[in-house]
Amino acid sequence: PEVKKFVAWDYVVFAALFLVCGSIGVFFAIKERKKKTSKEFLVGGKQMTCGPIAFSLTTSFMSAVTVLGTPSEVYRYGASFVLFFLSYALVIIFTAELFLPVFYRSGITSTYEYLELRFNKIVRLAATLIYILQTILYTGIVVYAPSLALNQVTGFDLWGSVVATGIVCTFYCTLGGLKAVVWTDAFQMIVMIAGFVTVLIRGTTLNGGSTKVWEDAYEGSRLSIFDFDVDPLRRHTFWTIVIGGTFTWLGLYGVNQSTIQRCISCKSEKHAKLALYLNLLGLWTVLVCAVFCGLVMYSHYKSCDPWTADFISAPDQLMPYFVMDIFSSMPGVPGLFVACAFSGTLSTVAASINALATVTFEDLVKKCFPNLSEQISTWISKGLCILYGVLCTSMAAAASLLGGIVQASLSIHGMCGGPMLGLFTLGIVFPCANWKGAIGGLLAGITLAFWAGTGSFIYPAPPTKSIPLQLSTLNCTLVNSTEALPTAAPTAAPDRPLLADTWYSLSYLYFSAIGCLGCTITGLLISFITGPSKGEDIPPVLIKPVCNPFCFWSERLKAFLWCGVRHDSQEVDFEKNLPKVTANKTGTDYTFENSINKENKRQFPGYNPEENSYTN
């Protein structure tokens with residue numbers, strides 16, 4: 001059946017959304033032009049409250065990938081995707097209790113600054129380069145996804161819209177109004193939920209109410225959620241989603257520059273934690289909406305699947321196709337939906353380009369040319385924005401080759417985010433890790449994760465492990481022919497190497513866990529071989545004493561596990577315990593302001609730290 005294309009009203013709604021987003025940006029650019037200090041620009045002057053930050057965190061990780069990808073994932077593979085609500089909960093708890101306090105208290109603006117404080121400049125540089133790589137790859141997918149959808153439903157030219165997205169975002173960034181990102185995000189969150197809810201209500205009423213949808217899903221075995229098979233090669237089981245998903249999203253949430261930058265911009269640590277927990281509610285809402293949309297879609301197409309019948313060219317176009325199908329009589333609504341998919345993209349891409357330019361300028365350009373004038377710096381930053389805009393847009397071309405967008409984007413995050421997560425875990429949890437261990441671990445983690453990831457792209461998993469559930473095309477009126485679809489002749493399988501059916505067939509959610517564990521274990525081994533770092537040299541604020549709750553019975557065991565980090569002095573004003581990062585010093589021989597004298601005083605018998613006096 002010929003599905004309707006966009007009509008005038010749709011374009012009006014679509015354009016309105018762009019205008020609102022653009023004008024928020026311009027408004028803040030004009031309003032904030034007086035306060036152009038870098039601190040103000042990067043972390044909003046540490047004045048944000050938890051509300052807008054929570055919205056902003058939710059929107060930027062729920063880009064078009066979620067809006068378009070998750071429903072089609074549920075439609076094809078069943079509702080086991082809903083188990084991500086467990087992984088999200090674990091991720092937020094770990095981020096709020098383990099990573100955030102360390103970053104917030106050490107008073108940094110870039111998470112990679114932490115690596116320099118804890119290890120040295122080399123580690124920071126390596127991590128920065130990996131972050132740049134990860135963000136460019138991911139942004140390519142985020143640009144490509146909505147363009148693909150638009151191309152399907154509106155007849156927009158695919159590459160035209162890819163280039164358009166790239167240009168709009170680059171312009172937006174170079175404009176410099178990007179502390180508007182947070183408020184734009186809050187607005188887009190509302191649009192996104194509104195889009196989902198309209199689709200849900202309309203779809204359910206068309207298909208005979210929620211009980212009918214539920215029955216259809218049950219009959220199509222779309223509701224078998226709890227699958228406790230431990231086989232790590234199966235694509236989605238309870239374990240892959242809860243364990244693998246937690247590692248993947250921790251790499252995204254716990255240590256990612258964009259998340260931490262937003263949390264640090266809160267007034268207080270309490271506000272930052274609140275923002276994270278509120279954001280968990282947002283993540284759950286979007287996840288549930290997306291999963292239900294998938295079930296409604298299945299109920300609608302159960303006897304005629306548009307993908308196998310070749311009405312659409314990629315499974316990610318299912319959602320837009322469905323929207324155009326059910327709202328064909330209501331002009332304006334499809335426009336709202338496409339706007340919803342697109343707004344997520346704009347925020348993600350603009351934020352990525354901004355973060356890339358910031359990180360490159362701070363960590364690479366300034367290190368090489370410390371004495372640049374203000375004017376030149378501004379021009380370099382704008383040039384970087386344009387450069388990254390071009391790079392991300394060209395990555396979108398590569399994204400078209402990567403298969404389903406949910407899988408591709410999570411694989412990339414897993415491959416780069418896992419090793420980074422391992423690196424920060426080494427720094428925060430293991431006081432004995434030294435910088436040689438950090439570098440070695442990072443390299444080992446990256447190698448392992450990329451080896452598994454690239455292998456799985458070249459030799460996809462055997463179909464038995466990732467079979468989409470049954471889809472039928474019985475009642476389809478085909479576009480060009482009347483008879484049922486012929487089944488394709490089986491093609492000869494290419495020669496598969498020995499590892500293809502084991503190592504390369506791992507579930508894509510495990511890439512992150514491989515990278516993280518590989519990095520942590522190798523890092524600890526190398527640290528022990530080369531001589532572990534002395535705890536006395538590490539400011540306690542850079543380490544989180546994870547072992548405390550586990551060995552509450554023995555002070556001596558606690559002290560042993562801290563490896564000499566003086567955690568009993570945690571209550572001392574931690575600002576004073578931080579080494580100042582000095583531009584000319586290399587390595588880790590930092591000057592401790594006056595913490596050493598404090599520590600020495602404390603060692604005498606009878607010293608009472610509460611009153612700073614001796615009771616003899």
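Colleague: Which residues of helix H14 are buried?
Modeller: In this predicted model, helix H14 spans residues 318–326 and is mostly covered. Eight of its nine residues are buried. The buried residues are Leu318, Met319, Pro320, Tyr321, Phe322, Val323, Met324 and Ile326.

Colleague: How much of the protein chain do buried residues make up?
Modeller: A residue counts as buried when its relative accessible area is under 20%. The protein chain has 616 residues, with 22 helices and two strands. Buried residues make up 56%.

Colleague: Is Ser56 buried or exposed, going by its relative accessibility?
Modeller: Ser56 is found in helix H3, residues 50–61. The cut-off for buried is under 20% relative accessible area. Ser56 has 0% relative accessibility, so Ser56 counts as buried.

Colleague: With which side chain does the side chain of Ser56 make a polar contact?
Modeller: Leaving aside neighbours within four places in sequence, Ser56 is in contact with Val182, Asp185 and Arg262. The polar contact of the Ser56 side chain, at 3.4 Å, is with the side chain of Arg262.

Colleague: Which residues make the nonpolar surface patch of about 530 Å²?
Modeller: One of them is Phe226, found in the loop between helix H10 (209–219) and helix H11 (238–253). Phe226 has a relative accessible area of 57%, so it is exposed. The patch is made by Phe226, Phe228, Val230, Trp239 and Ile243.

Colleague: Are the rings of Phe226 and Phe238 stacked, edge-to-face or tilted?
Modeller: The structure holds 22 aromatic pairs. The rings of Phe226 and Phe238 have their centres 6.2 Å apart and their planes at 40°. Planes under 30 degrees apart count as stacked and those over 60 as edge-to-face, so this pair is tilted.

Colleague: Is Phe238 buried or exposed?
Modeller: Phe238 lies in helix H11, 12 residues apart from Phe226, and the pair links distant parts of the chain. Phe226 is exposed, with a relative accessible area of 57%. Phe238 has a relative accessible area of 13%, so Phe238 is buried.

Colleague: How many residues apart are Asp216 and Lys302?
Modeller: Asp216 forms a salt bridge with Lys302, and their closest N and O atoms are 3.3 Å apart. Asp216 is in helix H10, while Lys302 is in the loop between helix H13 (269–301) and H14. The pair links distant parts of the chain, 86 residues apart.

Colleague: Is Glu116 buried or exposed?
Modeller: Glu116 and Lys121 meet through their side chains in a salt bridge, at 3.9 Å from N to O. Lys121 is partly exposed, with a relative accessible area of 25%. Glu116 has a relative accessible area of 2%, so Glu116 is buried.

Colleague: How far apart are the closest N and O atoms of Arg234 and Asp229?
Modeller: Arg234 is partly exposed, with a relative accessible area of 22%, and Asp229 is partly exposed at 29%. They form a salt bridge, and the closest N and O atoms are apart by 2.7 Å.

Conventions. Residues numbered from 1 in each chain as written. Predicted model: local features only at pLDDT ≥ 70, side-chain atom pairs only at ≥ 80, totals over all residues. Heavy atoms only, no water. Patch = residues over 30% accessible without salt bridge, like charges linked within 9 Å, V, L, I, M, F, W, Y side chains within 5 Å. Areas by Shrake-Rupley, 256 points an atom, 1.4 Å probe, with all protein chains shown as cover. Salt bridge = Lys/Arg side-chain N within 4 Å of Asp/Glu carboxyl O. Helix = DSSP H or I, 4+ residues; strand = E, 2+ residues; numbered from the N terminus. Buried < 20%, exposed > 50% of the residue type's maximum accessible area, 1.4 Å probe, protein only. Polar contact = N/O pair within 3.5 Å; in protein donor to acceptor, adjacent residues only side chain to side chain. Contact = heavy atoms within 4.5 Å. Phe/Tyr/Trp six-rings, centres within 6.5 Å; stacked < 30°, edge-to-face > 60°.
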